[in-house]
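Let's take a friendly walk through a protein fold, one piece at a time. Keep the picture open beside you as you read.

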Amino acid sequence: MSRKFTAGPLVIASHNAGKVREIGELLGRFDAQVVSAGTLGLDEPEETGATFAANAELKALAAAKAANLPALADDSGLAVNALGGDPGIYSARWAGPTKDFAAAMKLVHDKMGDTPDHGARFVCALALAWPDGHVETFEGVVEGDIVWPPRGANGFGYDPFFLPTGGSLTFGEMEAAAKHAISHRADAFAKLVAACFQ
Ligand SMILES: O=P(O)(O)OP(=O)(O)OP(=O)(O)OC[C@H]1O[C@@H](n2cnc3c(O)ncnc32)[C@H](O)[C@@H]1O
Ligand SMILES: [Mg+2]
């Protein structure tokens, strides 16, 4: 049996404004008072895990313990087939300290060279932790292709050059609701809701 989140304050243990916005939208219909890690002045823990799940768990646990409240963390990234799954858990780090995602997309594109395999997937692990150390973790995925040049100014991070399978708009061109209908984050969130919110 998974532990349930009932109601009340919930820390969003992320310092990424795009993620905090999307998680807030996904949580909209639930009885949670959302507060971000940045608002609480919480530290950004070092992401020493070897998997998305491990990193999500360490971020959620650090925030839950520091705030003495339940905390939800997201570790996510882009895994490109032709690059053996890179940048993967290093997706934020490939953008460097200035978080230059235009440069990170160009780096991915350049490393792909002229490979015919443009396949990629976004992966998201969501971890919900409590101050006593209990944690529940769920993973979601969306498959697609890298397109070049990038298209659209919506979303964040690597969205403008990711075309979900079967679609004609990149995540950067989609409205938020369309991204939430298929995204890796929404997929993980649906599993979290099924286990912990009802
Ligand atoms: O760790 P926190 O504070 O949550 O924020 P972060 O930006 O460092 O987040 P991650 O460590 O999980 O790194 C994930 C990277 O993958 C990118 N990414 C994740 N989900 C994405 C999405 O839905 N669209 C575009 N890029 C995404 C994002 O821009 C980050 O650079
Ligand atoms: Mg991070």
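Predicted model: local features only at pLDDT ≥ 70, side-chain atom pairs only at ≥ 80, totals over all residues.

Begin with strand E1 (residues 8-12), which pairs with strand E2 (residues 32-36) in the parallel sense over five bridges. To get from E1 to E2, the chain passes through helix H1 (residues 17-26), and this β-α-β crossover is right-handed. You can pick out individual partners in the picture: Gly8 is bridged to Ala32 in E2, and Leu10 is bridged to Val34 in E2.

E1 also pairs with E3, again in the parallel sense, over two bridges. Here the residue to look for is Ile12, whose bridge partner in E3 is Leu72.

## A hairpin and its neighbour

Now move along to E4 and E5, which run antiparallel and are joined by eleven bridges. One pair to find is Val123 with its bridge partner Val141 in E5. Together E4 and E5 form a hairpin, with five residues between them. In that turn sits Gly133, with a positive phi of about 100°.

E5 has another antiparallel partner: strand E6 (residues 162-164), with three bridges between the two. Across this pairing, Asp145 stands opposite Leu163 in E6.

## Helix H2

How far apart are the end C-alpha atoms of helix H2 (residues 52-67)? The helix has 16 residues, and at 1.5 Å a residue it should span 22 Å; the end C-alpha atoms are 23 Å apart, so the two values agree.

Which residues of H2 are buried? Among them are Phe52, Asn55, Glu57, Leu58, Lys59 and Leu61, along with several alanines such as Ala60 and Ala64. The cover over the buried residues of H2 includes E1, E3, strand E4 (119-129) and strand E5 (135-146).

## Around the ligand

There are 22 residues around ligand 1, and those that come nearest are Ser14, Asn16, Ser91, Ala92 and Gly157. Which element gives the most to this shell? Strand E3 (residues 71-80) does, with four residues. Sorted by class, the shell around ligand 1 holds six nonpolar, nine polar and seven charged residues.

The bond from Asp86 to Pro87 is cis, with omega near -5°, and Pro87 lies in the loop between E3 and helix H3 (101-112). The bond from Trp148 to Pro149 is also cis, with omega near 0°; Pro149 belongs to the loop between E5 and E6.

Asn68, which follows H2, has a phi of about 55° and lies in the loop between H2 and E3. Is Asn68 buried or exposed? It has 11 other C-beta atoms within 10 Å, and a residue with 12 or fewer counts as exposed, so Asn68 is exposed. Lys99 has a phi near 55° and is found in the loop between E3 and H3. With 12 C-beta neighbours inside 10 Å, Lys99 counts as exposed too.

## A last stop at helix H4

Finally, look for Ala176 in helix H4 (residues 176-182). Ala176 is partly exposed, with 13 other C-beta atoms within 10 Å.

Technical notes: Residues numbered from 1 in each chain as written. Chains lettered and ligands numbered in written order. Near = placed C-beta within 6 Å. Nonpolar A, V, L, I, M, F, W, Y, C, P; charged D, E, K, R; others polar. Pairing = 2+ DSSP bridges. Right-handed = clockwise from strand over helix to strand, strands pointing away. Expected span 1.5 Å × (residues − 1). Buried ≥ 20, exposed ≤ 12 C-beta atoms within 10 Å, placed from the backbone. Contact = placed C-beta atoms within 7 Å.
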